[in-house]
Each structure stands twice: as C-alpha cells, then as structure tokens.
Amino acid sequence: MNKRVLSGMRPTGKLHLGHWVGALDNWVKLQDKYRCFYAIVDWHALTTDYDRSSKIRENIIEIASDWLAAGIDPEKSTILLQSLVKQHAELHLLLSMIVPLGWLLRVPTYKEQLRQLSDRDLHTYGFLGYPVLQTSDIIIYKAELVPVGEDQKYHVELAREIARRFNNLYGEVFPEPKELLTPVPKILGTDGRKMSKSYGNAIFMDDSPENLRRKILPMMTDTERKRRTDPGTPEKCPVWTLHKAFTPKEKRKDIENGCRTASIGCVDCKKILIEELTEKFSAFRDKKRELMKRKDEVADIIIEGSKKAGEVAERTLEEVREVIGVGINSGRI
Ligand code: TRP
Ligand code: SF4
C-alpha cells in the first residue's frame, strides 16, 4: 500500500509565489506517488488569531480554490477541513494527557513567536498546544511523510516523539512520521525581504498581468547597479531569486550574462520575468477565477473530502480508544 502523506496550511489568505515554490508545487507532484491528505487547518489559525477570526471562513474557500487551481486533484488526494473532522480534537485532547509540558516549552518557534507577535496575547493554553494539534493532524491518518519547509522541521520531530510515547504507553498504533523537506529556492519579495503577505511585498499566484507589472517594475534590484551601464551582480538582486525559481535555465543564462556585462538593463530583465509569470500562471488564474464564481462547489469538495478523511480518522480513533481503554466497547462491558 502506498505510504500516506499529510500536510496542512492555515487559512490566512491567498497564496503567494513563496507558497508555490515552497510547498504547493511539491504537493501536486506527490499526489501521483502517495496517498495524500491535505488539510486546511482552521483551528490552527485561531491559535494566533482568536481575536480576529472573522476572515477565516472566506479564507478557507480562497485557499481551497488556490489548491484546486494549482492542480491538487480531489480525485487523487483528500482535501479536508480540520474543524469538520472532530476526531482531530479528540485525539488532540487524548495526546494532551501524555505530552510533557517541558517538550512544548522547549519548542523553538514557541518562544520566537511569542516575541515576534508581541501585539497579541499568546500566553494561552491553545497556543502552547499548537504542536500537539499538529501532531494529531498528522498521526490521525497514520501519515509517514510530512512535506514541510525547514521552519516546520521541529514540529514534525515532536510529532514523532509524541507518537513514540503513545506507542510505548499503550501499544503500537502510530507509525512514526518523518518530514519530507522541500528544497526551497529562496524567494524574496518586492522590497528585498523574505516574501510574506504581512510585509506587503508578496506577489500572489493569482495576480493579474497588470498587477505583475505594477509590482515587478518598481521592484528593488542590485543596489550597486545604479546606472544602465553599470554591470550587476544577480546574486545580490531580489528579481534574480524569482528568475531562478521561474525562468527556464537556458533563458536564465542569457539574463545572467546580460546583467553581469550590462548588456541588458533591469527594466528588460523585469519584463522577461513578467512575461514568464504571466505565462506560467495563466491557466491557474483562469481556473481560480472560475472556482471563485462557484464557491458552493468548492465548499462541497471540502465537505466531501472531510467526510472521507473522517472515516479514516474514526478508524484510528477506534484503535486509540481501545488501547487506552476509554469509552465502552460496542456495548460489551
Ligand atoms: N504548522 C503548519 C504551518 O504553520 C501548519 C500545519 C498544521 C501543518 N498542521 C500541520 C503542516 C500538519 C504539516 C502537517 O505551516
Ligand atoms: Fe537584477 Fe536583472 Fe537588474 Fe541584474 S538585470 S540587477 S538580475 S533586475
């Protein structure tokens, strides 16, 4: 039987090019090799945004449309919404009984996020338990592979340790999940910082050709290339990070040489990038536009996927309740 894969994203808004190269492109490819579960984790969105929850519902449809338009195929993969599969919450609660507090307090992202998101009060039970909920998402489907970026590596390690602790306490129920690290070409935003919606420097997958021009033409370049006649250094240029991710190798060679010898200008270089992105995401834009006109159908796909996921999750929970010894076994006491 094919190994199971699970990954998830929080519904915090539409997806940008960083999500595409860092995750989605890989998710689409994994569908043909594994039994994939892709989760929209709306409860996770609440862990940091419990006091600004009003956008979550529309974001769920938006992110599902992004996935579908990008080629996540509900015939091949299971798209599920975390809050529709209640077993995630049950397993989260049961795991919370066995996870030592020290393990959670040691998670590097915990302290870091508390510091970074200092405008909100994250000293909550739910936020500390974020990785326990994530563990539940993964092991409830007995997933062995978890495609994630470097930043999530520790969370998957923790999931492995929690699964092991469960198995030692109650018996072998869960395979130990492993991260499937996506080699992520680093993409910078229009201002030269890491691409992120919260920095306002993101290029979205569904940006129109007009928006691509508006964002890319004024984009920061190699700051030492002041005049058209100055040679440039692509490695110092945010535009180049996008070429590296999206422009085919052959074409890229010419641009690289052109930049180093000042035979092309930055405007020429950016125009080529705009063309590439316009072309590459043209089918995606059309498909997404269609889907956003038929939100009910998108919602149905999510509901249907969550039902299927729920059946798998329930089978796992039956085993879990049994080995722990909670509940009553089919009326036989
Ligand atoms: N924590 C992940 C993120 O912020 C999202 C997530 C939730 C996830 N549950 C998951 C990722 C399970 C992989 C597997 O990106
Ligand atoms: Fe950057 Fe292109 Fe200008 Fe070189 S030519 S500095 S790669 S924008």
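How many nonpolar, polar and charged residues does the lining of the second largest pocket have? By class, that lining has twelve nonpolar, five polar and no charged residues. Welcome to a predicted model, in which local features need pLDDT of at least 70, side-chain atom pairs count only at pLDDT 80 or more, and totals for chains, interfaces and linings use all residues. Residues are numbered from 1 along each chain as its sequence is written, chains are lettered from A and ligands numbered from 1 in the order in which they are written, and side-chain values use heavy atoms, with hydrogens and water left out.

**The second largest pocket**

- A pocket here is an open set of points on a 1 Å grid over the protein atoms alone, with protein on both sides within 12 Å along at least five of seven lines, and its lining residues have an atom within 4 Å of a point.
- The second largest pocket holds about 410 Å³ of space, a volume being the space filled by probe spheres set on the points, which are joined across faces, edges and corners.
- It has 17 lining residues, and His-92, Ser-96, Tyr-125, Gly-126 and Gly-129 are the closest to its centre.
- Two or more lining residues come from each of helix H2 (42–49), helix H4 (87–96), helix H5 (101–105), helix H7 (125–128) and H8.
- H4 provides the largest share of this lining, four residues.
- Helices (H or I, at least four residues) and strands (E, at least two) are DSSP runs numbered from the N terminus.
- For the classes, Ala, Val, Leu, Ile, Met, Phe, Trp, Tyr, Cys and Pro count as nonpolar, Asp, Glu, Lys and Arg as charged, and the others, Gly among them, as polar.

**Around ligand 1**

- There are 13 residues around ligand 1 (one heavy atom within 4 Å), and those that come nearest are Arg-10, Tyr-130, Gln-134, Asp-137 and Gln-152.
- Strand E1 (4–9), helix H8 (130–139) and strand E4 (145–148) each give two or more residues to the shell, and H8 gives the largest share, four residues.
- By class, this shell has six nonpolar, five polar and two charged residues.

- A cavity is a set of grid points where a 1.4 Å probe fits but cannot get out, and one cavity of 30 Å³ or more is found in the whole structure.
- The largest cavity, with about 110 Å³ of space, is the space taken by ligand 2 (more than half of its atoms lie within 2 Å of the grid points).
- Among the residues around ligand 2 are Cys-237, Cys-259, Cys-266 and Cys-269, and these four also line the largest cavity.
- Helix H11 (238–246), helix H12 (249–260) and helix H13 (266–280) each supply at least two lining residues, with H12 giving the most, three residues.
- The cavity lining divides into eight nonpolar, one polar and three charged residues.
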